[in-house]
Amino acid sequence: SADISGVVNGGIQRCADWFRRRWEECMQAIPVPVINHILCVSMKFHFLCDIMRIMTPWCREQIPVEGNFGQLFDQLNVSVNQLSREFSTEVVLQQEQQQSVLDGVLLNQTFTQAIKESFLNLTRTMGQVMNILQLLLSFTFITVFIQAFQYLCSYRRNISFDNVYITSYFRRIDDRRRRAGRRFLLPLRKSEKNKFIAPLSLKIYPEELKQVLSGGFQVLSILLLTIVLLTVDFALVHVLDIISRHTFTQFNVT
């Protein structure tokens with residue numbers, strides 16, 4: 001009976017301490033006077049902890065405890081402590097590595113180091129290639145800027161510069177002039193068809209050949225770079241796959 005009452009009183013005291021700590025934390029979180037007392041008033045309901053006292057009669061009737069339970073528990077606790085001091089364990093970790101023969105060469109530290117050096121060399125080479133590509137890209141930007149400036153100057157000074165496109169707007173103007181009885185230009189003569197460009201035609205005119213070659217060179221450069229990257233990726237995956245298939249590691253823990 002005394003033990004049950006002590007357990008209940010201890011639980012009530014811990015509950016009251018919890019309310020007290022929450023009251024202090026709430027007062028610190030809300031430093032405004034009066035308002036903090038109003039908002040934190042629920043932290044003063046420590047009297048709710050006394051509800052636990054109704055458990056005392058129920059515990060006394062439903063959870064009977066023998067009189068020598070405390071002494072038996074103490075003796076058992078002492079026995080467990082003595083057993084823990086006398087008992088010892090030992091963990092043995094054994095690692096076994098198996099090396100296979102790969103084309104007559106043992107897959108050992110030397111082979112691993114060779115693969116590592118090859119990978120580092122390939123990484124450095126790819127870094128140099130990327131630096132060169134970045135440099136070429138910078139020069140390409142400068143070239144495009146200079147060509148655009150030259151094109152603008154020529155377009156503003158020469159009325160016949162790059163004026164070789166037979167657009168749909170030009171066709172409507174020419175048709176309007178024909179209906180009005182004024183001078184018109186279409187249809188073109190056979191000798192003039194090679195001098196003027198129809199934007200909707202799939203034919204590559206001599207004036208467009210330079211731009212087509214430039215675009216084809218850019219596409220070819222990107223294609224070659226993609227092939228190189230895919231080749232490097234395939235080589236790395238192949239090497240790692242060989243290593244994973246020819247190494248064997250086993251751990252036995254007892």
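A: A residue counts as buried when its relative accessible area is under 20%, and as partly exposed when the value lies between that limit and 50%. The model discussed here is predicted. By this cut-off C49, at 2% relative accessibility, is buried. C49 is bonded to C15, with an S to S distance of 2.0 Å. This pair connects distant parts of the chain, 34 residues apart: C15 belongs to helix α1 (residues 2–29), while C49 lies in the loop between α2 (35–39) and α3 (55–62). The angle about the S-S bond of C15 and C49 is -70°, a left-handed link. C15 has a relative accessible area of 23%, so C15 is classed as partly exposed.

Searching the whole structure gives two disulfides. Besides the bond already described, C26 is joined to C40, at an S to S distance of 1.7 Å. Because C26 is in helix α1 and C40 is in the loop between α2 and α3, the bond ties together parts that are 14 residues apart in sequence. The link of C26 and C40 is left-handed, with -75° about the S-S bond. Both of these cysteines, C26 and C40, are buried.

When the bonded cysteines of the protein are numbered in sequence order, the pairing reads 1-4, 2-3.

A further cysteine, C153, has a relative accessibility of 23% and therefore counts as partly exposed.

Technical notes:
Residues are numbered from 1 along each chain as its sequence is written. This is a predicted model: local features need pLDDT of at least 70, side-chain atom pairs count only at pLDDT 80 or more; totals for chains, interfaces and linings use all residues. Side-chain values use heavy atoms; hydrogens and water are left out. A disulfide is a pair of cysteine sulfur atoms within 2.5 Å. Helices (H or I, at least four residues) and strands (E, at least two) are DSSP runs, numbered from the N terminus. Buried means under 20% relative accessible area, exposed over 50%, partly exposed in between (1.4 Å probe, protein chains only).
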